[in-house]
Amino acid sequence: MTTKLVIFDLDGTLVDTLADLAAAMNTVLARLGYPIHPVPDYRFKVGDGVAKLVERALPEAARRPEIMAGALQQFLDYYNRHDMDATAPYAGIPELLRALRARGMQLAVASNKPHAAAVEIVRHYFGSGLFGCVYGQRPGAPVKPDPAIVHDLLRELDVPAEQTLYVGDSAVDMETARRSGLTSVGVLWGFRPEAELRAAGACHIVAHPSEILNLL
């Protein structure tokens, strides 16, 4: 069936947020007296929501509820002030989004980033006219790969699953698409390697944003 909607993951798919996420978490770790991590290591710590990022970054002995809660709040306080210091769209993404809209596609974002930050970043880098709906992690809502966020988007935009592509850079994204009944597209410019995407059952793999146009 004809594609009518393309849902994108945000971090590692539309924008490269790794440096800002790493800086925020390393700042918190340093304040608490814990070892920091090299920026590339954060490729495998992000993707499952900020609570899981904090848990993975803390030393195992410090993964107690009271420490994790405090570290999470410090992370959010810092990141909310510095979430666009080094973040930028990936090359070819703005052109892809404009091309999709020119073809009449609806666009949406489904992210495990806190909702307010996801909305702010999308508005800042892509304006307010490209995306019909942007959902980040919302209080009380499960994080991906739970399909609830996709179901909410499909309902909001009134598009069936069989007319929707889901684009992301991780196994979490591929699993989200599978659970939602969507065709998945794994991207190679993001945080996770091709082997992970293939093992997670990606329907398609693309190396450049423009290749997504060939899948419509």
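This report describes the side-chain packing, ring pairs, charged pairs and backbone features of a predicted model.

## Basis of the description

Because the model is predicted, local features need pLDDT of at least 70 and side-chain atom pairs count only at pLDDT 80 or more, whereas totals for chains, interfaces and linings use all residues. Residues are numbered from 1 along each chain as its sequence is written, and side-chain values use heavy atoms, with hydrogens and water left out.

## Nonpolar cores

In soluble globular proteins, nonpolar side chains tend to be buried together. A nonpolar core is here a set of buried Ala, Val, Leu, Ile, Met, Phe, Trp, Tyr and Cys residues joined through side-chain atoms within 4.5 Å, where buried means under 20% relative accessible area, exposed over 50%, and partly exposed in between (1.4 Å probe, protein chains only). The largest nonpolar core holds 50 residues, of which Phe8, Leu14, Met25, Phe75, Leu97, Phe126 and Phe131 touch the most other members. Helix α1, residues 18–32, gives the most to this core, with 7 residues; helices (H or I, at least four residues) and strands (E, at least two) are DSSP runs, numbered from the N terminus. Apart from this core lies another one, of 16 residues, with Leu5, Ile7, Ile149 and Leu153 among them.

Phe8 illustrates the packing within the largest core. When residues up to four places away in sequence are not counted, the residues that Phe8 touches include Leu14, Leu96, Leu97, Leu100, Phe131, Val167 and Ile212, a contact being heavy atoms within 4.5 Å.

## Aromatic pairs

A pair of aromatic rings is described by the distance of the centres and the angle of the planes. Rings of Phe, Tyr and Trp (its six-membered ring) pair if their centres lie within 6.5 Å, and planes under 30 degrees apart count as stacked, over 60 as edge-to-face and the rest as tilted. The structure holds 3 aromatic pairs. One of them joins Phe8 and Phe131 edge-to-face, at 6.5 Å centre to centre and with 85° between the planes. This pair links distant parts of the chain, since Phe8 lies in strand β1 (residues 5–8) and Phe131 in the loop between α5 (115–126) and β5 (133–137), 123 residues apart. Phe8 has a relative accessible area of 1% and is therefore buried, and Phe131, at 10% relative accessibility, also counts as buried.

The rings of Phe75 and Tyr79 are stacked, because their centres are 5.5 Å apart and their planes stand at 10°. Both residues, Phe75 and Tyr79, belong to helix α3 (residues 65–82), where they are 4 residues apart, about one turn of the helix, and both are buried. Ring pairs also link Phe8, Phe126 and Phe131 into a cluster.

## Salt bridges

The structure holds 12 salt bridges, each defined as a side-chain nitrogen of Lys or Arg within 4 Å of a carboxyl oxygen of Asp or Glu. Asp9 and Lys144 form one, with their closest N and O atoms 3.0 Å apart. Asp9 lies in the loop between β1 and β2 (15–16) and Lys144 in the loop between β5 and α6 (148–157), so the pair ties together parts that are 135 residues apart in sequence. Both Asp9 and Lys144 are buried.

Asp152 and Arg155 meet in another salt bridge, at 2.5 Å from N to O; both lie in helix α6, 3 residues apart, about one turn of the helix. Arg155 counts as exposed, at 58% relative accessibility. Arg192 and Glu196 form a salt bridge whose closest N and O atoms are 3.0 Å apart, and both of these residues are buried. Salt bridges that share partners join Asp9, Lys144 and Asp173 into one network.

## Cysteines and backbone features

With a disulfide taken as a pair of cysteine sulfur atoms within 2.5 Å, the count comes to 0 disulfides. Cys133 counts as buried at 8% relative accessibility, whereas Cys203, at 46%, counts as partly exposed.

Most residues other than glycine have a negative phi, and most peptide bonds are trans. The peptide bond from Lys144 to Pro145, however, is cis, with omega near 20°, and Pro145 is found in the loop between β5 and α6. Asp158 has a positive phi of about 55° although it is not a glycine. Asp158 is placed in the loop between α6 and β6 (164–168) and is exposed, with a relative accessible area of 71%.
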